[in-house]
Amino acid sequence: MPVQESSKQSTQRTDGARADRKRRSLVSWLLGGGVAASLASFFYPVVRFLNPPAASEASVNEVAAGRVQDLKPNSGKVVKFGNKPALLVRVSETEWKAFSAVCTHLNCTVQYQDGRQQIWCACHNGFYDLNGAVVSGPPPRPLEEFAVHVRGDDVVISRRA
Ligand code: FES
């Protein structure tokens with residue numbers, strides 16, 4: 001029966017070769033998928049960075065900044081103005097100020113310092129006065145000033161015209 005055995009061996013070899021081809025194509029498919037996934041994970045953030053979604057920042061011209069009684073004289077607080085921070089300062093019982101809280105140096109968020117009655121940027125020790133003008137430190141420009149309206153108990157900040 002050597003002929004039958006030879007035929008059986010030949011059939012086994014072709015089955016083995018077919019299984020090898022299947023394994024190789026599976027490995028190739030997995031490697032190709034891995035490379036494609038790696039490329040996608042690299043390029044997707046780059047594409048999103050270069051083409052950001054449209055921001056609705058331009059549409060925000062006025063925000064409610066809280067209630068009058070929430071802020072004592074000679075104190076301040078940071079509130080959201082669209083997708084940027086704004087600084088509301090209650091200078092005295094009746095005087096209010098508001099500014100963009102984005103430092104003009106490197107965009108850190110500024111805060112009110114009641115001891116000096118100035119606006120302070122902790123990142124590089126920049127100081128602004130209560131008109132938004134630079135007092136000291138590296139900021140190159142004054143802060144953008146907003147208008148403050150007290151309507152009953154509510155305080156509203158808006159962009160100046
Ligand atoms: S970021 Fe404000 S002083 Fe540098």
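Good morning. I begin with strands E1 and E10, which run antiparallel and are joined by 5 bridges. Strands here are DSSP runs of at least two residues (E), numbered from the N terminus, as are helices (H or I, at least four residues). Two strands count as paired if DSSP finds at least two bridges between them. Within this pair, Arg67 has Asp154 of E10 as its bridge partner.

A word on the source. This is a predicted model, in which local features need pLDDT of at least 70 and side-chain atom pairs count only at pLDDT 80 or more, while totals for chains, interfaces and linings use all residues. Residues are numbered from 1 along each chain as its sequence is written.

E1 and E10 belong to an open sheet of 6 strands, in the order E1-E10-E9-E4-E3-E2, with antiparallel pairing. Strand E1 (62–67) and strand E2 (75–81) stand at the edges, each with a single partner strand, so one side of each has no neighbour in the sheet. From one strand to the next, the twist averages 30°; the axes are lines fitted to C-alpha atoms (for helices, over the stretch in contact), and angles run from 0 to 180 degrees between N-to-C directions.

E5 and E6 pair over 3 bridges in the antiparallel sense, and Tyr112 has Ile119 of E6 as its bridge partner.

Let us turn to the core. Which residues touch the most other members of the largest nonpolar core? They are Ala86, Leu87, Leu88, Ala98 and Phe99, from a core of 20 residues. Such a core is a set of buried Ala, Val, Leu, Ile, Met, Phe, Trp, Tyr and Cys residues joined through C-beta atoms within 7 Å. Buried means 20 or more other C-beta atoms within 10 Å of a residue's own, exposed means 12 or fewer, and partly exposed lies in between, with C-beta atoms placed from the backbone.

Finally, Arg141 lies in the loop between E8 and strand E9 (145–151). Arg141 is exposed, because 12 other C-beta atoms lie within 10 Å. Arg141 and Asp153 are 12 residues apart in sequence and 33 Å apart in space, C-alpha to C-alpha. Thank you.
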